[in-house]
Amino acid sequence: MDTYAQMLKMVLSVCKSPTTDFPGIRRVTISQMKWLIKNNEDYVGVFKRYEMDKALKEVAETATELESFELFCSGSGVGKHDEPISSAVRSTLALLAGDSA
């Protein structure tokens, strides 16, 4: 658990400015966190220990329009996500706080 949590935090730390090569890397990381918490509440404590809430808040503060797209073709965004990354961050933070989302 700890090693995986550290890896997820590293992804959020390293990928502060997503590129068109990997526009959804932070979104996928957030989705993985949400899935882990919903399936094993022990991850709440693990994520809190590694201050993932701070990492998530930083993602919300640095969200870009680029992250709204599912993929890029010839530099143009294709297929917008239904949920903005800021909403994904909020729902994950709610899970970390013990609220059901």
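Me: In which helix do tyrosine 43 and phenylalanine 47 both lie, and how many residues apart are they?

Reply: Tyrosine 43 and phenylalanine 47 are both part of helix H3, 4 residues apart, or about one turn of the helix. Helices (H or I, at least four residues) and strands (E, at least two) are DSSP runs, numbered from the N terminus. This is a predicted model, in which local features need pLDDT of at least 70, side-chain atom pairs count only at pLDDT 80 or more, and totals for chains, interfaces and linings use all residues.

Me: How many aromatic pairs does the count come to?

Reply: Rings of Phe, Tyr and Trp (its six-membered ring) pair if their centres lie within 6.5 Å; planes under 30 degrees apart count as stacked, over 60 as edge-to-face and the rest as tilted. By this rule the count is 1 aromatic pair. The pair joins tyrosine 43 to phenylalanine 47 and is tilted, with 5.4 Å from centre to centre and 35 degrees between the planes.

Me: Are tyrosine 43 and phenylalanine 47 buried or exposed?

Reply: A residue is buried under 20% relative accessible area, exposed over 50% and partly exposed in between (1.4 Å probe, protein chains only). Tyrosine 43 and phenylalanine 47 are both buried.

Me: Which residues of helix H3 are buried, and why do they line one face of the helix?

Reply: In helix H3, residues 42–49, the buried residues are Tyr43, Val44, Val46 and Phe47. Viewed down the axis of H3, these buried residues fall within an arc of 165 degrees (taken from the directions from the helix axis to the C-beta atoms), so they line one face of the helix. Asp42 and Arg49, on the other side of H3, are exposed.

Me: Against which helices do the buried residues of H3 pack?

Reply: The general idea here is contact, meaning heavy atoms within 4.5 Å. The buried residues of H3 pack against helix H1 (2–14), H2, H4 and helix H5 (85–96).

Me: How are two packed helices described?

Reply: They are described by the angle between their axes and the distance between the axes. Axes are lines fitted to C-alpha atoms, for helices over the stretch in contact, and angles run from 0 to 180 degrees between N-to-C directions. Helix H2 (residues 25–39) packs with helix H4 (residues 52–61) at an angle of about 145 degrees, and their axes are 12 Å apart.

Me: Which residues of H2 and H4 meet, and is the crossing left-handed or right-handed?

Reply: From H2, Arg26, Ile30 and Met33 meet Met52, Leu56 and Val59 in H4. By class, this contact of H2 with H4 has 5 nonpolar, no polar and 1 charged residues. Ala, Val, Leu, Ile, Met, Phe, Trp, Tyr, Cys and Pro count as nonpolar, Asp, Glu, Lys and Arg as charged, and the others, Gly among them, as polar. A crossing is left-handed if the near helix is turned anticlockwise from the far one by less than a right angle, and right-handed if clockwise. H2 and H4 cross in the left-handed sense.

Me: Where is glutamate 51 found, and what is its phi?

Reply: Glutamate 51 is found in the loop between H3 and H4. Its phi is near 55 degrees, a positive value in a residue other than glycine. Glutamate 51 is partly exposed, with a relative accessible area of 38%.

Me: Where is alanine 88 found, and which residues does it touch?

Reply: Alanine 88 is in helix H5 and is buried, with a relative accessible area of 5%. Not counting residues up to four places away in sequence, alanine 88 touches Ile30, Lys34 and Glu83. Serine 86 is also found in helix H5, where it is partly exposed at a relative accessible area of 28%.

Me: In helix H1, are threonine 3 and glutamine 6 exposed or partly exposed?

Reply: Threonine 3 has its place in helix H1 and is exposed, with a relative accessible area of 56%. Glutamine 6 is found in helix H1 and counts as partly exposed at 40% relative accessibility.

Conventions. Residues are numbered from 1 along each chain as its sequence is written. Side-chain values use heavy atoms; hydrogens and water are left out.
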